Amino acid sequence: TLDITERKRAEAALAASEAQLKAIIENTDALIRSVDRDYRLLAANTRYQAVMSQIMGHPLAVGDRVLDVATGADESATFQSLFDRALAGDTFVVQRESRVMHPDGTVEHAFAPIRDAQGKVMGVTVLTRDVTEQVKYQRLLQDANAVLEEQVAARTVELQATVADLA
């Protein structure tokens, strides 16, 4: 008889690891997907598929071109250039105005190349999250800072005039 205890232990560890990774990917509000060098969907989380279903009326299937769901030639070209940048090996984040996740919203796309064991780029992973609220509060903070700067400048002028009168 062949002892398969070690093999069974390794299979159980692999299954547990896969379950953990799936839980991490699925238990987020972010849209997560990966595409190959031909811009074809390799994998996506449930949230991404739900949003694609809202846009297209059905989820994307593995193998579908993700550029085909763009809402116009300009958007398709923009995303192709972003994918190409990641396919060239760059890891980066971009913010864009978008109505996909929130009316009049802003999303942040984090692009990262997928590399094989030899380091060759095989595809791209994209994580998209709604940053509408963060952008809104950043703008409010910038506006408040501008008002404060104006008040400080006006008060400085007043104080300089008072100092000049006292001299």
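**Ground rules**

I am working with a predicted model, so I kept local features to pLDDT of at least 70 and side-chain atom pairs to pLDDT 80 or more, while totals for chains, interfaces and linings use all residues. I number residues from 1 along each chain as its sequence is written, and my side-chain values use heavy atoms, with hydrogens and water left out.

**Confidence**

I began with pLDDT, the predictor's confidence in each residue, from 0 to 100. The protein chain has a mean of 86, and 94% of its residues reach 70 or more. I found the highest confidence in S1, at 95, and the lowest in helix H4 (residues 132–166), at a mean of 79. My helices (H or I, at least four residues) and strands (E, at least two) are DSSP runs, numbered from the N terminus.

**The sheet**

Next I traced the strand order. I get an open sheet of 5 strands, S2-S1-S5-S4-S3, with antiparallel pairing; two strands pair if DSSP finds at least two bridges between them. At the edges sit strand S2 (41–44) and strand S3 (92–98), each pairing on one side only. From one strand to the next the twist averages 25 degrees, with axes being lines fitted to C-alpha atoms and angles running from 0 to 180 degrees between N-to-C directions.

**Strand S1**

I then looked at S1 (residues 31–36), which is joined to S2 by 3 bridges in the antiparallel sense. Along that side, arginine 33 stands opposite alanine 44 and valine 35 opposite leucine 41. Towards S5, I see antiparallel pairing over 6 bridges, with isoleucine 32 opposite leucine 127.

How many residues of S1 are buried? The tally is 6 of 6, where buried means under 20% relative accessible area, exposed over 50%, and partly exposed in between (1.4 Å probe, protein chains only). In a regular strand, side chains alternate between the two faces of the sheet. In S1, Leu31, Arg33 and Val35 point one way, and Ile32, Ser34 and Asp36 the other way.

**Tyrosine 39**

The hairpin of S1 and S2 has 4 residues between the strands, and there tyrosine 39 takes a positive phi near 65 degrees. I noted this one down because most residues other than glycine have a negative phi. Tyrosine 39 is buried, at a relative accessible area of 11%.

**Aromatic rings**

Tyrosine 39 and phenylalanine 83 form a tilted pair, 6.2 Å centre to centre with 55 degrees between the planes. This pair links distant parts of the chain: tyrosine 39 is in the loop between S1 and S2, phenylalanine 83 is in helix H3 (residues 73–87), and they are 44 residues apart. Phenylalanine 83 is buried, as is tyrosine 39.

Phenylalanine 92 and phenylalanine 111 are stacked, at 4.9 Å and 10 degrees. Phenylalanine 92 is buried at 6%, and phenylalanine 111 is buried at 1%. Tyr39, Phe79, Phe83, Phe92 and Phe111 form one aromatic cluster.

**Charges**

Which residue lies over the face of phenylalanine 92? It is arginine 85, at 3.8 Å from the ring centre; a charge sits over a ring if NZ of Lys or CZ of Arg is within 6 Å of the ring centre and within 35 degrees of the ring normal.

I also counted 6 salt bridges, each a side-chain nitrogen of Lys or Arg within 4 Å of a carboxyl oxygen of Asp or Glu. Arginine 85 meets aspartate 90 in one of them, at 2.6 Å from N to O. Arginine 85 is partly exposed at 39%, and aspartate 90 is partly exposed at 29%.

Another joins arginine 129 to glutamate 108, with the closest N and O atoms 3.1 Å apart. Glutamate 108 is buried at 17%, whereas arginine 129 is partly exposed at 34%.

Notes:
Rings of Phe, Tyr and Trp (its six-membered ring) pair if their centres lie within 6.5 Å; planes under 30 degrees apart count as stacked, over 60 as edge-to-face and the rest as tilted.
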